[in-house]
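This briefing is intended for a reader who is meeting the structure for the first time. Please keep the sequence and the model in view while reading the points below.

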Amino acid sequence: MENVLVFIILVVLSYIYIKIAEKFNVIDKPNNRSSHTLPTIRGGGILFFFAVLIFFVSNDFQYPYFVFGILMISIVSFVDDLMTLSSRIRLPFQFVAVFLLLFQIGGISFPFLIIVLLLIVGVLFINIYNFMDGINGITGLYSLSVLLGIYYINRIDHVINDELLIFSIISLVVFGFYNFRKKARFFAGDIGSISIAMVILFSGLSLMIKLESPMILLLILVYGVDSLLTLLYKVYIRESITDPHRHHLYQKFVDIYKCSHLKISLVYAGLQMLVNCIIYYTYKVDIMNQFILFILILSIFIALYVILFRIIEKKDKLSC
């Protein structure tokens, strides 16, 4: 019953946000890097933050440091959706938010160099995740596949409160109603992609620390491989890694092969769900077998990415 109430609240909040966004012109207008052709409401991912806030209030203010961090970073990200902020303004808030997240899960008890490494990786992760919001459905569906994987593992080991995951999943479903369309009603925006990235980072790190399983990292394998190899490609062509781009593999499928946004989003989410099933049945096997399987799966996806990228690039050159 509580989940139904959360769903209704988020539906009402989504309707209110649409009306406010229309009134104050919170609109994403198409440019040469866009996959959409019509002006679309920006910042619909505020629903993800609302889901965390509802969890916080309804669960006796559990995880206060994490929630304060996500509140802070969501405000900054929403301002960035309204007016582009310099990375010099955004990054300090992001580092503080990730530090609060680490403090919440006990990460500050690690050696100093490990803490620094986790801070850098955490900030890098939420920024890479922020680049995902490029085609309709990708952020919502892929995040849904990741959180479902985390949820089913967490049901067995009870590392974090299930309701944080359930409420976030509900918010993704409500968001998907408006975004998983040929012509999206609204986009996640920075506030959406970064806030859901914080939820994934918090829950994923919590599982990794508690379970001591490298397989947990594969819960973000599909987009992770795409993103990291895309960054390497940008370095190779001497393009700034912070500049907006159209180099992601899923963007190339849309731009060059004219594939449907929704089909590509389903493929990414479906592949991740397949990997999640493997993780679910192997994350408790002995550590050596986990590492072997981890390297094998990672190598397969890297090889698949490279092959597909070369095929797409060849087609792009031939069509020019």
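In this predicted model, Leu221, Val222 and Asp226 of helix α9 are in contact with Tyr268, Leu271, Gln272 and Val275 of helix α11. Sorted by class, the contact of α9 with α11 comprises 5 nonpolar, 1 polar and 1 charged residues. Helix α9 spans residues 221-236 and helix α11 spans residues 261-282; the two pack at an angle of about 120°, and their axes are 8 Å apart. An angle counts as roughly perpendicular from 65 to 115 degrees and as roughly antiparallel over 145, and α9 and α11 are therefore oblique to each other.

**Packing of α2 with α8**

- Helix α2, residues 46-58, packs with α8 at an angle of about 40°, with 7 Å between their axes.
- Because angles under 35 degrees count as roughly parallel and those from 65 to 115 as roughly perpendicular, this value makes α2 oblique to α8.
- On the α2 side, the contact is formed by Ile46, Phe48, Phe49 and Val52, which meet Ile191, Gly192, Ser195, Ile196 and Val199 in α8.
- The contact of α2 with α8 divides into 7 nonpolar and 2 polar residues, with no charged ones.

**The second largest pocket**

- The second largest pocket holds about 820 Å³ of space.
- Its lining consists of 29 residues, and those nearest the centre of the pocket are Val121, Phe125, Leu217, Ile220 and Leu228.
- At least two lining residues come from each of α5 (112-130), α8 (189-211), α9 and α12 (287-319).
- Helix α5 provides the largest share of this lining, namely 8 residues.
- In terms of class, 25 residues of the lining are nonpolar and 4 are polar, while no charged residues take part.

- Ile220 is situated in the loop between α8 and α9.
- With a relative accessible area of 24%, Ile220 is partly exposed, since that class lies between the limits of 20% for buried and 50% for exposed.
- Leaving aside residues up to four places away in sequence, Ile220 touches Phe125, Tyr142, Val146, Ile200 and Gln272.
- Among these partners, Phe125 also belongs to the residues nearest the centre of the second largest pocket, and Gln272 also takes part in the contact of α9 with α11.
- The C-alpha atoms of Ile220 and Asn276 are 9.1 Å apart in space, although the two residues are 56 residues apart in sequence.

**The largest cavity**

- Across the whole structure, the search finds 1 cavity of 30 Å³ or more.
- The space in the largest cavity amounts to about 40 Å³.
- The residues that line the largest cavity are Ile128, Phe131, Ser227, Thr230, Leu231, His245 and His248.
- Helix α9 contributes the most to this lining, with 3 residues.
- By class, the cavity lining has 3 nonpolar and 4 polar residues and no charged ones.

- Thr230 is located in helix α9.
- Thr230 counts as buried, because its relative accessibility is 1% and the limit for that class is under 20%.
- When residues up to four places away in sequence are not counted, Thr230 touches His245, His247, His248 and Tyr305.
- Of these partners, His245 and His248 also line the largest cavity.

**Residues with a positive phi**

- Most residues other than glycine have a negative phi.
- Phe61 is placed in the loop between α2 and α3 (64-82).
- Lys258, likewise a residue other than glycine, has a positive phi near 55°.
- Lys258 belongs to the loop between α10 (249-256) and α11.
- Lys258 counts as exposed, with 65% relative accessibility, because the class begins over 50%.

**Phe24, an exposed loop residue**

- Phe24 sits in the loop that runs between α1 (2-23) and β1 (27-28).
- The relative accessible area of Phe24 is 58%, so Phe24 is exposed.
- Phe24 and Leu53 are 29 residues apart along the chain, and their C-alpha atoms are separated by 24 Å.

How values were computed
Residues numbered from 1 in each chain as written. Predicted model: local features only at pLDDT ≥ 70, side-chain atom pairs only at ≥ 80, totals over all residues. Heavy atoms only, no water. Axes fitted to C-alpha atoms, helices over the stretch in contact; angles between N-to-C directions. Helix = DSSP H or I, 4+ residues; strand = E, 2+ residues; numbered from the N terminus. Contact = heavy atoms within 4.5 Å. Nonpolar A, V, L, I, M, F, W, Y, C, P; charged D, E, K, R; others polar. Buried < 20%, exposed > 50% of the residue type's maximum accessible area, 1.4 Å probe, protein only. 1 Å grid on protein atoms, 1.4 Å probe; cavity = no way out; pocket = protein on both sides within 12 Å on 5 of 7 lines; lining within 4 Å. Points joined across faces, edges and corners; volume = space filled by probe spheres on them.
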